[in-house]
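Biologist: I would like a close look at one part of this model. Please keep it brisk.

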Amino acid sequence: MNVEATSAATFHIDSLAGLARPTYRPLTDLKRCPPPSAGGQVHLRHAMEDNVSKGKVLILGSNATRIEIKGGRWGATGQYLNETVVPAMAVIDAGYEVVLATPNGEKPVIDKASDAPAHFGGDKAAYDRAKAFYADHPSMTPRTLRSVIEEGLDNYAGVFAPGGQAPVVDLMQDQDVGDVLRHFHEKAKPTALLCHGPISAVAAMPYAREFRAALIAGDPDKAAEWAKGWQYAGYKMTIFSSTEEKVIEDNILHAKIYFHMPYALTLAGANVTTTPVDFDPYVVEDRELITGQNPRSDHPIGAALIAALDRQCEGKRAA
C-alpha cells in the first residue's frame with residue numbers, strides 16, 4: 001500500500017485557496033505505450049499533433065441529480081467539477097486519452113457546491129480553465145456505458161470515477177458499472193475512485209442493488225449478507241469520511257443521508273482508513289485500486305493514476 005497525505009485543512013471553503021498546483025511532464029517527453037488492441041483514432045489530445053496517445057482511460061460519470069435524505073425527502077446533488085476535471089486534464093497532459101461515459105449517455109450535472117474557484121486553490125484562472133474544459137473539450141462529450149462495454153473494455157488502460165454524492169445514487173448499483181469494474185479488477189488494470197467515487201466499487205457485487213437497499217433500510221446484517229463475494233473485500237481503501245459527510249449534511253443538504261460511506265464499505269468487507277483531519281488530501285493504493293478521500297485529493301489521485309498507468313505501459317513495452 002502507498003499512502004500519500006499533505007497538509008491539514010478545515011472545511012472553511014477559503015482554506016482551499018493557495019494550494020500549490022503540481023506540474024506534469026511536458027508532452028515532448030512522452031513515449032507511446034503499445035496499444036491493448038488495434039483501432040481507434042487519436043482525437044482527444046490538446047497536444048502537439050505528432051504525439052500519439054499512450055492509451056485510453058474511461059471516466060465513469062453519474063447522471064444522478066438528487067439523493068435520498070431521511071424523512072422520505074430528496075436533496076440536490078451532482079458530480080464535483082474539480083474531481084472530474086483535474087484528474088482528467090492531468091491524464092491527458094500525461095499522454096493518455098480520456099473517454100467519459102454515463103449510464104444514460106447524458107452529461108453529468110455539476111454539483112453547485114463544487115462550482116467555485118475555492119475548489120481550485122482559489123485560482124480563478126484554473127477554475128475558468130476547468131469550466132471551459134468541461135463545457136467544450138471533446139472528451140467531455142459522454143457516451144453510454146453500454147456502448148463502451150460493447151465496443152470492448154480491452155481498449156482501455158484504466159478507469160476513473162470522480163465523486164460528489166451522485167455516485168451514491170446510481171453508480172453504486174448500476175449493472176454496467178459492475179461489468180466495467182469486474183473487467184478492470186480481473187485484468188488488474190489501474191482503477192481510481194475519488195471522494196464518494198469509491199462507493200461505485202459496490203457495483204461489482206453480485207447483489208449491489210440489494211446491498212444498497214439494505215443500507216437504506218438500516219439492516220446491516222442483510223447488507224453484509226448481500227455483500228458476500230465482493231471482489232474488493234479485504235482491499236485497503238479510503239472514501240469521504242463520516243465527519244466530512246456531516247459537514248455536507250449540516251451546511252449544504254441541511255438533512256441526513258441514510259448511510260455514510262466508510263460504514264458501507266467496511267460492512268462490505270473493505271479495510272477503510274480516513275485522515276484524522278477533515279478535508280486533508282489522502283490517497284490509498286492497494287493492488288490495482290487507487291482511492292482518494294475527498295475533493296482536495298484531486299491532484300494526488302491524478303498523479304497516482306498516471307504513475308500506475310505509466311508502470312503498466314512500461315511493463316507492456318518491456319514484455
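Is aspartate 179 buried, partly exposed or exposed, and what is its relative accessible area?

Modeller: This is a predicted model. Aspartate 179 is partly exposed, with a relative accessible area of 29%. The cut-offs explain the label, because buried means under 20% and exposed means over 50%. Its salt-bridge partner is arginine 182. The closest N and O atoms of that pair are 2.7 Å apart. Arginine 182 is partly exposed as well, at 23% relative accessibility. Both residues lie in helix H5, which spans residues 175-186. They are 3 residues apart, so about one helical turn separates them.

Elsewhere, aspartate 286 forms a salt bridge with arginine 287, with 3.0 Å between the closest N and O atoms. Here aspartate 286 is buried, at 11% relative accessibility, whereas arginine 287 is exposed, at 54%. Back at aspartate 179, shared partners link salt bridges into one network of Arg146, Asp176, Asp179 and Arg182.

The whole structure has 16 salt bridges. One of them pairs aspartate 310 with lysine 54, the closest N and O atoms being 2.8 Å apart. Aspartate 310 sits in helix H10, and lysine 54 in the loop between strands E1 and E2, so this pair ties together parts 256 residues apart in sequence. Aspartate 310 and lysine 54 are both buried.

Helix H10 also meets helix H1: their axes come within 9 Å and cross at roughly 35°. The crossing is right-handed. Among the contact residues are Val86 and Ala90 of H1, and Ile301 and Leu305 of H10. The residues of this contact divide into 7 nonpolar, 3 polar and 1 charged.

Technical notes: Residues numbered from 1 in each chain as written. Predicted model: local features only at pLDDT ≥ 70, side-chain atom pairs only at ≥ 80, totals over all residues. Heavy atoms only, no water. Axes fitted to C-alpha atoms, helices over the stretch in contact; angles between N-to-C directions. Helix = DSSP H or I, 4+ residues; strand = E, 2+ residues; numbered from the N terminus. Left-handed = near helix turned anticlockwise from the far one by under 90°. Contact = heavy atoms within 4.5 Å. Nonpolar A, V, L, I, M, F, W, Y, C, P; charged D, E, K, R; others polar. Salt bridge = Lys/Arg side-chain N within 4 Å of Asp/Glu carboxyl O. Buried < 20%, exposed > 50% of the residue type's maximum accessible area, 1.4 Å probe, protein only.
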